[in-house]
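Q: Can you walk me through this one? I have the coordinates open and would like to go region by region.

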Amino acid sequence: MTSTTSHPLPEPYRPSIGVLGSYGGFNVGDEAILTCVLDCLRAHRPRARLVVFSRDAAHTRAHQPEADEVVDWEGVPQKGVLDVLSGLDLLVLGGGGTLYDGEARRYLRLVRAAQDRAIPTFAYAVGAGPLREPDDREAVRTVLAAMDEVVVRDEESRLVLEEVGLDREVTVTADPALLLEAEPFTERMMQDEGVPTGTRLVGMSVREPGRAAEKLDEGDYHALLADVADFLVGRLDAHVVFMPMERHDVRHAHAVLSHMSAPDRGRILNQSYSPGQVLGFMRHLDLAVGMRLHFLIFAAVSGLPVLPLPYAGKVFDFARRTGAPALVGVAREQAGLLLAEVDRLWDEYPRRRSELQPRIQRLRSLAQVTCVRVGTLLDEIVPDPGLRREPTRAGLDLAAEAGAPALDAQGRPAGA
């Protein structure tokens, strides 16, 4: 009698994928992007080892359960960072506004280090601009030219890269945070924040001046937004809820509140919330007026007509793509125009809401295209034995152009 010994098949290779961006709890929008990027990678390769390069590793470990490893990359000896980098199969420059003056060269230094080690690199729906500093422009021009694929989140970013002199194909999709899933924001949470229920609520977002909003005059726009808030209180018989998307926003929300004639009708969310909870809070609102891009994205995804207060090209671009009013800048002399737009938005509420839905669906489909593209690159780098058929790049190009590809649960074209 002969015996046979069965040998288990070897486990499929577990690829290591690094994700680099402005992560670590500094901005709700950036954290939303990270959540969506990790969800995309995990859906495409459930066994992948996901490594996040964070500006605050402790925060990322506590709030991003999909991350297998988190590495501090700022203010630490670089040898350890480069050792981790060297073990990657792919480095993803995460979505969001990473490519702007004073910041671009810092992120791209790590991308260049990956390229020097022959590690493929992918720009995942990044935002670009302003880019005027020579060192940042040079870094963008040279490092992005050597990336395996460059995807930007809006047309404004593509134009910025073109102006810098980047000579390569650049794909325009949409912000990854459009795919975020909402989490409950309960009645108890509303009570804890002192936000009334059973009445109209308008969400408002303000931000600090900075490199991304350098033309803002604090006193000017604080007074302007107070005028808008008072108008909303009177016109809609509403309460105004200020929603900080970054810790510095709280101070500016208090400044606007101090200028209001009816400060008792204003509230500021004071607790820290996950991006999904902030998105969940939008379901309690009737209208949204604000400056922060991801505040506007969350509101629009929730079906709320929004009035953007543009301070940068990315906000103009989002207003254009969603059919929202696209005012020029945020200045006190525009108070009359701004109040007229608020009034019109409310009068046309049902029509605006119905028109918003297909536009947001198209943007969500475009956001999925980025996920498909990074998955395709990963399959080229580390073939997945379980993949039945790889979507062609030509097919992806057509899907991106159409803006509404049919996708399965893994972010691949349906039927693949």
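**Loop, sheets, disulfide and helices**

A: Start with Pro244, which lies in the loop between S10 and helix H9 (249-259). Helices (H or I, at least four residues) and strands (E, at least two) are DSSP runs, numbered from the N terminus. This is a predicted model, so local features need pLDDT of at least 70 and side-chain atom pairs count only at pLDDT 80 or more, while totals for chains, interfaces and linings use all residues. Residues are numbered from 1 along each chain as its sequence is written, and side-chain values use heavy atoms, with hydrogens and water left out.

Q: What is Pro244 in contact with, leaving aside neighbours within four places in sequence?

A: Pro244 is in contact with Val28, Asp249, Val250, Ile268 and Leu269; contact means heavy atoms within 4.5 Å. Leu269 is 25 residues from Pro244 in sequence, and their C-alpha atoms are 6.9 Å apart.

Q: OK, S10. Which strands form the open sheet, and in what order?

A: There are 5 strands, in the order S11-S10-S9-S12-S13, and the pairing is parallel. Two strands pair if DSSP finds at least two bridges between them. Strand S11 (266-268) and strand S13 (306-308) are at the edges with a single partner strand each, so one side of each has no neighbour in the sheet. From one strand to the next, the twist averages 20°; axes are lines fitted to C-alpha atoms, for helices over the stretch in contact, and angles run from 0 to 180 degrees between N-to-C directions.

Q: How many bridges join S9 to S10?

A: Strand S9 (residues 200-205) and strand S10 (residues 238-242) run parallel and are joined by 5 bridges. Met204 has Phe242 of S10 as its bridge partner.

Q: New topic. How many disulfides does the structure hold?

A: The structure holds 1 disulfide, between Cys40 and Cys371, with S to S at 2.2 Å. The criterion is a pair of cysteine sulfur atoms within 2.5 Å. The link of Cys40 and Cys371 is right-handed, with 105° about the S-S bond.

Q: What does the pair tie together?

A: Cys40 lies in helix H1 (residues 28-44) and Cys371 in helix H14 (residues 349-381), so the link ties together parts 331 residues apart in sequence. Cys40 is buried at 5% relative accessibility, and Cys371 is buried at 6%.

Q: H14 came up. How does H13 pack against H14?

A: Helix H13 (residues 335-347) and H14 pack at about 80°, with axes 5 Å apart. That makes H13 roughly perpendicular to H14; angles under 35 degrees count as roughly parallel, over 145 as roughly antiparallel, 65 to 115 as roughly perpendicular and the rest as oblique. Arg344, Leu345, Trp346 and Asp347 of H13 make the contact with Tyr349, Pro350 and Arg352 of H14.

Q: And H12 against H14, at what angle?

A: About 120°, with the axes 9 Å apart, which makes H12 oblique to H14. From H12 the contact involves Phe318, Arg320, Arg321 and Thr322, and from H14 Leu356, Arg359, Ile360, Leu363 and Leu366.

Q: Is Arg321 buried or exposed?

A: Arg321 is buried, at 16% relative accessibility. The Arg321 side chain reaches the backbone oxygen of Thr173 at 2.6 Å, a polar contact being a pair of N or O atoms within 3.5 Å; within protein, one must be able to donate a hydrogen and the other to accept it, and residues adjacent in sequence count only if both atoms are side-chain atoms.

Q: Last one, why is H11 described as largely enclosed?

A: In helix H11 (residues 293-301), 8 of the 9 residues are buried, so the rest of the structure largely encloses H11. Just after H11, Gly303 takes a positive phi of about 85°.

Methods:
Buried < 20%, exposed > 50% of the residue type's maximum accessible area, 1.4 Å probe, protein only.
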